[in-house]
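Take a brisk walk through this fold. Begin with the strands, then turn to the aromatic rings.

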Amino acid sequence: MTRIVISGTGLYTPPESISNEELVECFNTWATRFNTEHAAAIAEGTVEPKPLSNAEFIVKASGIRSRHVLDKKGILDPEIMRPQLPTRSNDEPSQMCEMALAAAREALAEAGREPGDVDAVLCAASNMQRSYPAVAVEIQHYLGCGGYAYDMNVACASATFGIQAAVDALSAGHARCVLMVNPEICSGHLNFRDRDSHFIFGDACTAVVLERAEDAQTGGFEVIGTRLKTHFSSNIRNNAGFLNRAEVSPRSQDDRLFIQEGRRVFKDVVPMVVELISSHLRDHDLAPTEVRRFWLHQANLNMNQLISKRLLGREPSEQEAPVVLDEYANTSSAGSVIALHKHKSGLATDDITVLCAFGAGYSAGSVILRQR
């Protein structure tokens, strides 16, 4: 069997960051103004008042304290409350491409590789800024890679699905070096006027280089196994798409942004992920207690702690289940790879680790790794 390794990881972090306090100040300014303008209708019971938010509520509900974004000014303007990104010409790299190039170059440098060594580029993310041409092909072009490239979207689990696709391509001989990138501009599909979700997302991009162990120039992590699972649910959804303009009657603008039924998601996804990881480990004759580090999807601290607790039978330590969502918030498919990238030191040769991402779909992916 062909042995596959992750030989390099990379991360692009936008320079601007928004604290909970800044976000709440903007939201409450807008909500107070809304309630004042609609005071009569609210008194009549025909309009629901907008509840105020607070920073403590956000930390308690999610563990998030801040988030990096591409445009802070537009998000924090109560008149706008969305990122404002300059339109780029067709002769310029797209925003997603630019993010991916930065993360990819770091991952390639760590792997000791040049762009010309890459013969497959996979762009795996929860939202693509256009349908075609594929962002992956654009990245391939601007980076200077050969071979082929394509986009894939499996929401927050996209990175793990991308890793399995890369492993399959390498095992089958379709490629010898694969670059898998996760450019996530989550602020673009977030409703900053929804109290229950306005704090959830941030922007970032991760990159992973995978190649055959015989070709790898660095240690990295050997991929012991991958496993994917999907189960249909619309409890997390984004109804934006090219057919919106054809819909009769048109759906509301809010229905084209991120929406979730948080309590239902928590109840459904936790047991799904626990079963996925535990069965995956069991099939490789491993127990959860043998895992040195769990790099879990960074969406909700309470969810991650419960998953880890059910797997280990006790509370996990910070080293066993590292958290980055306090700084980055939920960066969709990039989250678990950010945790890997920032918390992969301190492991010994042959230590077992698990990368796991999960989200809309429902979709989930587990990748068992061994430190080389």
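Two strands pair if DSSP finds at least two bridges between them. Strands (E, at least two residues) and helices (H or I, at least four) are DSSP runs, numbered from the N terminus. This is a predicted model: local features need pLDDT of at least 70, side-chain atom pairs count only at pLDDT 80 or more, and totals for chains, interfaces and linings use all residues. Residues are numbered from 1 along each chain as its sequence is written, and side-chain values use heavy atoms, with hydrogens and water left out.

Start with V121. This residue stands opposite A149 in β5. Strand β4 (residues 120-124) pairs with β5 in the parallel sense, over five bridges.

Now widen the view. Nine strands build an open sheet with mixed pairing, in the order β5-β4-β6-β7-β1-β8-β13-β12-β11. Which strands are at the edges, each pairing on one side only? They are β5 (148-152) and β11 (291-296). Angles here run from 0 to 180 degrees between N-to-C directions, and axes are lines fitted to C-alpha atoms, for helices over the stretch in contact. With direction ignored, neighbouring strands of this sheet are turned by 20 degrees against each other on average.

Helices pack on the sheet too. Helix α8 (residues 262-283) touches β8 (221-233), β11, β12 (352-359) and β13 (361-371); contact means heavy atoms within 4.5 Å. The direction of α8 makes about 35 degrees with that of β13. Helix α9 (residues 301-312) touches β11 and β12, and its direction makes about 150 degrees with that of β11.

Next, the rings. Rings of Phe, Tyr and Trp (its six-membered ring) pair if their centres lie within 6.5 Å; planes under 30 degrees apart count as stacked, over 60 as edge-to-face and the rest as tilted. The structure holds six aromatic pairs. One of them joins F27 and W30: it is tilted, with 5.8 Å centre to centre and 55 degrees between the planes. Both residues lie in helix α1 (residues 20-37), three residues apart, about one turn of the helix. F27 counts as buried at 1% relative accessibility (buried is under 20%, exposed over 50%, partly exposed in between, with a 1.4 Å probe and protein chains only).

Why is the pair of F57 and F199 edge-to-face? Its planes are at 90 degrees, with the ring centres 5.9 Å apart. F57 lies in helix α3 (residues 55-62) and F199 in the loop between β6 (177-185) and β7 (203-212), so the pair ties together parts that are 142 residues apart in sequence. F57 is partly exposed at 24%, and F199 is buried at 5%.
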